[in-house]
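Okay, thanks for coming, everyone.

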Amino acid sequence: MTTIDSERPARAAGGGGDLRHVKVAVIGAGFSGLGTAIRLLQEGMDDFLVFERADDVGGTWRDNSYPGCACDVMSLLYSFSFAQNPNWSTTFGKRDEVLAYLRDCADRFGVRPYIRFGHDLLAARWDDLRRCWHIETSQGEYTAQVLVTGTGYLSDPAIPDIPGLKDFEGRVFHSSTWDHDYDLTGKRVAVIGTGASAIQFVPKIQPEVAHLDLYQRTPPWVAPKADKVIGPGERWRRRSLPGYQNFRRNFNKWGREVLAFMMSSPKIAEKTIKGMAIKNLQQHVKDPELRARLTPDYSVACKRLLFSNHWYPAITQPNVEVVTDGIREIKDGAVITEDGHARPVDAIILGTGFRATDRPIARRVQGVNGVRLAEAWSVRMSAYVGTTVAGFPNLFMLLGPNTTLGHSSQTVMIEAQIGYVIDALRQMDKRGLASVEVRAAAQQGFNDRLEERLSGTVWNAGQCRSWYLDDKGANPSIWPTYTWRFRGLTKRFDAASYRLATSAGAPAMRGEVR
């Protein structure tokens, strides 16, 4: 086995200083990073390290601890196929259970010795002469032949630029950095945002606060959530009957592909999904004026489709006001809307989502000729099969551009990408390759086909402003079709789409190496 003593120096490939060198460096210890580490060990590839900025595994499930935090994909599917859990207590996993599952995976598969906690990625620079990545972390420098980023798109909170927000003398926090030391009981609270986090924490805090002002820019489509407690009999079947849980998981995975068809055009979505959401709204909101303000004016699923049985009952309570006027400023302990109305508050909670199309890691990664990933993405964030980028050899991004799903579980995409990375590593070893870099033409061709797929779907209907879109109105987020298509594209590492170099310092070649 490869020595994993972090104090033992090793020279970078092709020479260089006494820096610890590994074959694979993985950034992040959430679902993507842990899954990669587990599969590397299962393949007998143990020359790697995982760099995690926090002090524990879990990624977004570690960071998001707000009341009511839960998954909106069935637990059966929101888990690794190679590490299925028969002990979920409810249909949809709650935050603490998902985090416990990830911690268990790290322990059960022996990943923790390979993780360097408290190592925030500061910079990663490609060395074209030595064909390796020079990695600078908050606790030291390393080199690696291959860099795998597992930082996802829900890791860095989006903070709105509201005049006076920074000067507010009360308490302010984002849902992803929940302040558990602050007691909301009897407080006047402003919640800004009505997205996936807000619909979970608002019903939890509404009974506790004196008054809650809910600032809504655009109302979400909200469907009922078929969540229930999983009884001991079902848990026994999942543990004891061979193949039963795997059958249930695959049934759910393939069943969710039907949603992709429903979302393939606004007309189909209107005839199928919309009725369910409208019925949910009408059932819980009896006031016609409020119901009108809570009814979206865009195609269902144009923005992320949300699921909750508690959202509408909570925001129709007497101590909640739904505010649809835009926020002008925050001043003198009050939120002031465009109409001049000032609403005094003790605390402001930001349910404003994440920087999904402006990923901070892109400013820290430099490829060929020192070009930053952010510069390469200055026109639009894009990649080849959501994983590799021209000009950035040996860089593999998990949950990269256009891998977000509107209809299924991200774990399906993560596992497909991990398989692609594993096969790339196999081929690099087998052929003696120092580096692989996707050809610009291959990346452009893939994205041209992707744009054709996106055209006409609910996500590109042009009827709403969602976090799927960048500031130019392009959609670098959504995978617009079935997951089986993505799994087919990533089943094998297609070397013909790459420029290949056989040794450090050697020129890169196109296509297959004979």
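One term before we start: when I say buried, I mean under 20% relative accessible area, worked out with a 1.4 Å probe on protein chains only. And do keep in mind that this is a predicted model.

So, strand β3, residues 70-74. Four of its five residues are buried, which leaves the strand mostly covered. Its partner is β4, residues 92-94, and the two run antiparallel with two bridges between them. If you want to find the spot, look for Ala 70, which sits opposite Lys 94 of β4.

Now the open sheet. Five strands here, paired in parallel, and the order is β9-β18-β10-β11-β14. β9 (171-174) and β14 (320-323) are the edges, each pairing on one side only. Going from one strand to the next, the twist averages 15 degrees. Zoom in on β11, residues 211-215: four bridges connect this strand to β14, in parallel.

Lying across β10, β11 and β18 is helix α4, residues 198-205, at about 170 degrees to β10.

Last stop, two helices. How do α5 and α6 sit relative to each other? The axes of α5 (232-240) and α6 (244-255) cross at roughly 105 degrees and come within 6 Å, so the helices are roughly perpendicular. On the α5 side the contact uses Glu 234, Arg 237 and Arg 238, and on the α6 side Tyr 244, Gln 245 and Arg 248. By type, that's four charged residues, one polar and one nonpolar.

Okay, over to you.

Note on methods:
Residues numbered from 1 in each chain as written. Predicted model: local features only at pLDDT ≥ 70, side-chain atom pairs only at ≥ 80, totals over all residues. Heavy atoms only, no water. Buried < 20%, exposed > 50% of the residue type's maximum accessible area, 1.4 Å probe, protein only. Pairing = 2+ DSSP bridges. Axes fitted to C-alpha atoms, helices over the stretch in contact; angles between N-to-C directions. Parallel < 35°, antiparallel > 145°, perpendicular 65-115°, else oblique. Contact = heavy atoms within 4.5 Å. Nonpolar A, V, L, I, M, F, W, Y, C, P; charged D, E, K, R; others polar.
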